[in-house]
Structures are given as C-alpha cells and as structure tokens.
Amino acid sequence: MRLAIGEAADAASEGNAPIGCVLTKGDQVVERGHNQVFTEHDITAHAEVVGIRKLTKRIKSFDLREYTLYSTFIPCAMCVATVLRTDIRRVVYGAEARDAPQFSRGIHSQANNRILALASKKVKFIPRVLRDDCAQLLSKARSD
Ligand SMILES: [Zn+2]
C-alpha cells in the first residue's frame, strides 16, 4: 500500500486526483498506476483502470485471478466492473468514501453500493489499510 501511496503522490504532483494503485502476484509488485484523468483528459483513467490496462496489455491476458489490486481509495463502480471483468479476486483499499466527499459523488450512490455488494460475492475487499495515510492526500485535493 505504501507503493500505491507513492503513486497517489505522483498523480497529485501531475495535477490529477491523488489516487494510486499497485497490482501484486504472490508477494511481487507487478504493475503500478495512478489517476491520470486530467492529464489524459480521460474520465476513465482512474488509478485502478490505468494499472489494470497496463498489466493486461503487457501480459496479453484479461485473466487476473492470480493478482491482488491495492488502491489508496475505495474503487468506484467503473473500477469494480473492471475488477470483475478481469476476475481479480482480492482488492485491498485505504481511504473510504467518507474520507474524501469531494471524490465520492458516485461512490455514495445506491447503485455503487449495490455493485460493491454484488461484487463482494466474488471479490474479497479488504478495507481501511493505511487509511489515514491514504486519506491525507485526498483531503487536500480537488475532485474529478
Ligand atoms: Zn474508479
């Protein structure tokens, strides 16, 4: 998670939302990503999607069942859908929606809560890992 926080800091220094992720396989970090929404003018360039895109492109497979995603912020509906489509079984995240209301418009929605509840039948979510550190960067940032 500390590496994901480093990615979040990189995102912030570029002017993006301070959200980062890493993907691991076993005990190896195999990919990193950070939010690039503003710099890429791409609303889908959330940290999780960026990391997953880089990994699937590199390994030429959408089957990520052996990988764990670490994100500094609770994944939104789009990112959860991407997790499901790639069969990731474990997601570890830091900050929760209430830690950063300016980023939580969609995350607080009923639809998003429903998607997370449905996804949790297939994906193990491990919340609040280094939550304060993850939330600290978010508290100072503008939203996308
Ligand atoms: Zn997202």
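User: How many bridges join strand β1 to β3?

Analyst: Two strands pair if DSSP finds at least two bridges between them. Here, five bridges join β1 (residues 20-25) to β3, and these strands run antiparallel. Leu 23 stands opposite Leu 69 in β3. Strands (E, at least two residues) and helices (H or I, at least four) are DSSP runs, numbered from the N terminus. This is a predicted model, in which local features need pLDDT of at least 70, side-chain atom pairs count only at pLDDT 80 or more, and totals for chains, interfaces and linings use all residues. Residues are numbered from 1 along each chain as its sequence is written.

User: In which sense do β3 and β4 pair?

Analyst: β3 and β4 (residues 90-95) pair in the parallel sense, over five bridges. The bridge partner of Leu 69 in β4 is Val 91.

User: How is the packing of two helices described?

Analyst: One gives the angle between their axes and the distance between the axes. Helix α4 (residues 77-85) packs with helix α5 (residues 110-119) at an angle of about 20°, the axes being 9 Å apart. Therefore α4 is roughly parallel to α5, a term for angles under 35 degrees. Axes are lines fitted to C-alpha atoms, for helices over the stretch in contact, and angles run from 0 to 180 degrees between N-to-C directions.

User: Which residues of α4 meet α5?

Analyst: Ala 77, Val 80, Val 83 and Leu 84 in α4 meet residues of α5 including Ile 115 and Leu 116; contact requires C-beta atoms, placed from the backbone, within 7 Å.

Terms used: Parallel < 35°, antiparallel > 145°, perpendicular 65-115°, else oblique. Contact = placed C-beta atoms within 7 Å.
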